[in-house]
Amino acid sequence: VRNVSFFILVLFYLRRGSVALEYVNSEHGVTKITGPWKEAILYVLDRTQPNAHYDAIFEKQFFNLNQHKDLPLGVFIEVLCKNFTKYQRFTEDGQYQIVPTAKQKAFLQRIIGAEECFHFSEVGSGKTKVILPLLCQTFLSNNTEAHNLFRRGGKLKDVLVILVPEHLVADARE
């Protein structure tokens, strides 16, 4: 079934974001969800036997953001960028369409570690197609250094708010 693995990933990240997920099988004699979607929900909620099929899908298509908890931030960003590149389309000459640049990696590290929470950069710097997805992945990860920096001297953060100018909304949705 198409997109089940992405559905599983979204559910995992919702749980990671402290969203309480509940599943009601039926209500008033009406079955709510069946088939692979039900199996996926139960898989994420650990309410079923291990599912080798879903394990194989998930392992093949997605990398585990939480396997790099103790990496230094710079190394972690390199790993994120390497994995991010793998999911890009190829150009006509066989190269990846989007490869994060050294400047973009440095900007991401600055956003994560700076004292201020608002950041701006020049037009065309890859904010919506490169920086935004990498920042979201960093926030959803369990990387210790990144989350210590996100605190900015306060409590651990569990909400990330990103303001996107209206003319960039279409790019941000991609």
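**Figure 1. Overview of the predicted model.** Among contacts in the protein between residues at least 6 apart in sequence, 61% join residues at least 24 apart. Contact means heavy atoms within 4.5 Å. The protein has eight helices and two strands. Along the sequence they follow the pattern α-β-β-α-α-α-α-α-α-α. Helices (H or I, at least four residues) and strands (E, at least two) are DSSP runs, numbered from the N terminus. Of the 174 residues, 32% count as buried. Buried means under 20% relative accessible area, exposed over 50%, and partly exposed in between (1.4 Å probe, protein chains only). This is a predicted model: local features need pLDDT of at least 70, side-chain atom pairs count only at pLDDT 80 or more, and totals for chains, interfaces and linings use all residues. Residues are numbered from 1 along each chain as its sequence is written, and side-chain values use heavy atoms, with hydrogens and water left out.

**Figure 2. Close-up of the aromatic pair.** A search of the whole structure finds one such pair. The ring centres of Phe-139 and Phe-150 lie 5.5 Å apart, and their planes stand at 65°, so the pair is edge-to-face. Rings of Phe, Tyr and Trp (its six-membered ring) pair if their centres lie within 6.5 Å; planes under 30 degrees apart count as stacked, over 60 as edge-to-face and the rest as tilted. Phe-139 sits in helix α6 (residues 127-140) and Phe-150 in helix α7 (residues 144-151), 11 residues apart. Phe-139 is buried, with a relative accessible area of 10%. Phe-150 is buried too, at 6% relative accessibility.

**Figure 3. Close-up of helices α4 and α5.** The axes of α4 (residues 73-86) and α5 (residues 102-113) come within 10 Å and cross at roughly 130°. Axes are lines fitted to C-alpha atoms, for helices over the stretch in contact, and angles run from 0 to 180 degrees between N-to-C directions. The two helices are therefore oblique to each other. Angles under 35 degrees count as roughly parallel, over 145 as roughly antiparallel, 65 to 115 as roughly perpendicular and the rest as oblique. From α4, the contact uses Leu-73, Gly-74, Ile-77, Glu-78 and Cys-81. From α5 come Lys-105, Leu-108, Gln-109 and Ile-112. These residues divide into five nonpolar, two polar and two charged. Ala, Val, Leu, Ile, Met, Phe, Trp, Tyr, Cys and Pro count as nonpolar, Asp, Glu, Lys and Arg as charged, and the others, Gly among them, as polar.

Figure 4. His-28 lies in the loop between β1 (26-27) and β2. His-28 has a positive phi of about 55°, although it is not a glycine. At 78% relative accessibility, His-28 counts as exposed. Lys-32 lies in the loop between β2 (30-31) and α2. Lys-32 is partly exposed, at 45% relative accessibility. Not counting residues up to four places away in sequence, Lys-32 touches Val-24, Asn-25, Ser-26 and Glu-27.

Figure 5. The buried residues of α2 (residues 35-44) are Ala-40, Ile-41, Leu-42, Tyr-43 and Val-44. Asp-46 has a positive phi near 55° and is not a glycine. Asp-46 counts as exposed, at 61% relative accessibility.

Figure 6. Asn-148 is partly exposed, at 44% relative accessibility. Asn-148 and Gly-113 are 35 residues apart in sequence, and 8.9 Å apart in space, C-alpha to C-alpha.
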